2 protein chains.
Amino acid sequence: MAEVRNADTRERILDAAERLFMAYGYDGTSMRQITGEASVNLAAVNYHFGSKEALIREVFRRRLDWLNEERMRVLDRLEAEAGGQPVKPSLIVDAFFGTLLRMADDEARGGMTFLRLLGRTLTEPSEFIRAFLAHEYKAVMDRFKEALFRALPDVPKAEIVWRFHFMLGATSYAIAGTDALRLVTDWQIEEEDSVDRLDRLVPRLMSFLIGGLRAPLPHFDPPGQ
Amino acid sequence: MAEVRNADTRERILDAAERLFMAYGYDGTSMRQITGEASVNLAAVNYHFGSKEALIREVFRRRLDWLNEERMRVLDRLEAEAGGQPVKPSLIVDAFFGTLLRMADDEARGGMTFLRLLGRTLTEPSEFIRAFLAHEYKAVMDRFKEALFRALPDVPKAEIVWRFHFMLGATSYAIAGTDALRLVTDWQIEEEDSVDRLDRLVPRLMSFLIGGLRAPLPHFDPPGQ
DNA sequence: CTATGATTCAAACGAACGTATGAATCATAG
DNA sequence: CTATGATTCATACGTTCGTTTGAATCATAG
C-alpha cells in the first residue's frame with residue numbers, strides 16, 4: 001500500500017495560501033489563485049485538506065502550534081528563574097510579543113508573511129476564523145494573563161485584560177506591514193533599509209507596549225469607580 | 001424636471017452597507033444582502049452610486065468628512081489657546097483619538113457601527129480601500145504629526161511616526177469591538193453593562209496611549225546609531 | 001392634463017466561485 | 001510483473017457574484 005502523503009504538494013499549497021491570504025484576505029483569495037500559484041491541480045486542496053475553511057485552519061495551525069508552545073516554554077523558563085517571585089512585566093511582554101516578532105526572521109516558520117497574515121486576521125470579519133483563533137489561543141492567553149496578574153498585583157484585573165488587548169492591537173498593526181503604515185507616513189522610512197527596519201521595530205514596539213502597560217491608571221469621571 | 005434625488009433610498013442603502021460591511025467585511029457582503037436589508041431594488045446601488053466600490057467609498061466619506069474636519073477644528077482651538085507654545089501631547093492625542101471615540105455616542109454620525117467598521121478596515125486586504133483611506137486621511141495626519149513634532153522636540157520624528165502608528169493599532173482594536181476581545185478574555189466584562197463600557201473605554205485607552213507615547217526611547221542593540 | 005426626467009422594478013447577463021466526479025497516472029508491496 | 005491504493009488531472013456541477021437592460025412607475029414643471 002502506498003501510504004506516503006506527498007508532503008511537497010501539501011506544503012506548496014500551504015505556502016501559496018499563506019502568501020495569498022496575507023495579501024488578499026480569506027474571501028478575496030480563490031481556490032484557483034491558490035492552486036495556480038502553487039502549481040498544483042485545482043482539486044488538490046479539497047483532496048488534501050477537505051475544504052477552503054479547513055485549509056486556512058491548517059495554514060494557521062502550522063505556525064501557531066510552534067509559536068504558542070515556544071511562548072509557554074519561554075514563560076516556563078522565566079518563572080523557573082524567578083523562583084516563586086513574580087516575573088517582571090517587561091519580561092512577560094517580551095515572552096509573548098517578542099517571541100512573535102522574532103518569527104519574522106525565521107523564514108522556515110513563515111517569516112514576515114505569516115506575521116502579516118496574523119496581524120490582519122485578528123480583525124478578520126469571517127466569524128469561523130476568529131472563533132478558531134480564539135480557541136487556539138485560549139491556553140496561552142490564560143497563562144500570560146495569570147502571569148501579568150501576579151506581576152501587577154496592584155492593578156485591577158480588568159485593567160490588565162484591556163491593556164493586553166491594546167497591546168495586541170498595537171502589535172497587529174505594527175506587523176500588518178508597511179501598507180497600513182501608509183496611513184501615517186508617505187516618506188519611505190528614511191535612512192533605514194528593510195533589514196534594519198525589523199531590528200529596530202522590536203525595541204520600538206517594546207518600549208511603547210511597556211509604556212502603555214505601566215501607564216498611570218485612568219480615573220472614571222462622573223458616575224462609577 | 002424632477003431633479004430631487006430620493007435621499008431616503010440613498011441613506012437606507014448607506015446605513016445597511018455600513019452595518020453589513022462592519023459585520024462581514026467588504027468581500028463578505030453581497031449587493032443582494034445590502035439591498036435586501038435596505039428594502040430597495042437590487043439595481044438601486046448601481047443606479048445611485050455606480051458600483052460596489054463607489055458605495056463603500058461613500059460609506060466612509062459620509063462619516064470621515066465630518067470626523068476629520070472636527071479633528072482639525074479641535075486642534076485649531078487647542079493651538080489658538082496655547083498661543084504660540086506647543087500643545088500638550090495628551091491634548092493632541094485626545095483631539096485625534098478622543099474625537100473619534102466620542103463618535104460612538106453619536107448615533108446620527110454612525111455611532112458604534114461606523115467605529116467598528118473603521119477599526120476593521122484599516123487592516124482591510126482590499127488595496128483600493130486602503131488607498132482611499134490613506135488619501136482621505138492625508139491632510140489631517142500631516143497636521144497632527146506636525147503638532148506632535150512640535151510638542152515633543154526631543155523625540156526623533158521617526159519615533160513619533162511609529163508611535164502614532166502603534167496608537168492607531170491599539171485604538172482600532174479597541175473599537176473593532178468585543179468580538180476581537182474574545183481573544184483575550186472569555187468572561188463577560190464583569191459588573192459593567194455595555195453603556196458603562198464605553199464611558200470607561202475612553203479613559204482606559206487614553207491612559208494606555210499616552211503611556212506608550214511618552215515611554216522612554218528604545219536603544220538599538222548591536223549595530224546602528 | 002401632458003410631458004419629462006428621475007427613480008424603481010423584474011429579469012437576465014456572463015463570469016467566477018467552491019466543490020465533486022471519475023478516469024488517468026504514479027509509487028510501492030507482494 | 002501485477003495489484004493496490006495514493007495522488008493527480010481535466011472537466012463539469014450548481015450557485016452566487018456584480019452589473020446591465022428596458023420597461024414600468026413616480027413626481028414635478030409647464
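## Exercises on a predicted model

Tyr24(B) is partly exposed, its relative accessible area being 42%. Keep in mind as you work that the model is predicted.

**Exercise 1.** Find the helix that holds Tyr24(B), then list its contacts beyond the neighbours within four places in sequence.

*Solution.* Next, look around the residue, leaving out neighbours within four places in sequence: the contacts are Asp27(A), Pro125(A), Thr29(B) and Gln33(B).

**Exercise 2.** Which parts of chain B does the salt bridge between Glu18(B) and Arg63(B) link, and are these residues buried or exposed?

*Solution.* Begin with the pair itself: the side chains of Glu18(B) and Arg63(B) meet at 2.8 Å, N to O. The pair links distant parts of the chain, with Glu18(B) in helix α1 and Arg63(B) in helix α4 (residues 52–82), 45 residues apart. Now apply the cut-off, under 20% for buried. Glu18(B) has a relative accessible area of 4%, so it is buried. Arg63(B), at 8%, is therefore buried too.

**Exercise 3.** Describe the salt bridge of Asp15(A) with Arg63(A) and place it in its network.

*Solution.* The N to O distance is 4.0 Å. Asp15(A) lies in helix α1 of chain A and Arg63(A) in helix α4 of chain A, 48 residues apart. Turning to accessibility, Asp15(A) is partly exposed at 38%, whereas Arg63(A) is buried at 7%. Finally, widen the view: a network of salt bridges links Glu11(A), Asp15(A), Glu18(A), Arg62(A) and Arg63(A).

Conventions. Residues numbered from 1 in each chain as written. Chains lettered and ligands numbered in written order. Predicted model: local features only at pLDDT ≥ 70, side-chain atom pairs only at ≥ 80, totals over all residues. Heavy atoms only, no water. Helix = DSSP H or I, 4+ residues; strand = E, 2+ residues; numbered from the N terminus. Buried < 20%, exposed > 50% of the residue type's maximum accessible area, 1.4 Å probe, protein only. Contact = heavy atoms within 4.5 Å.
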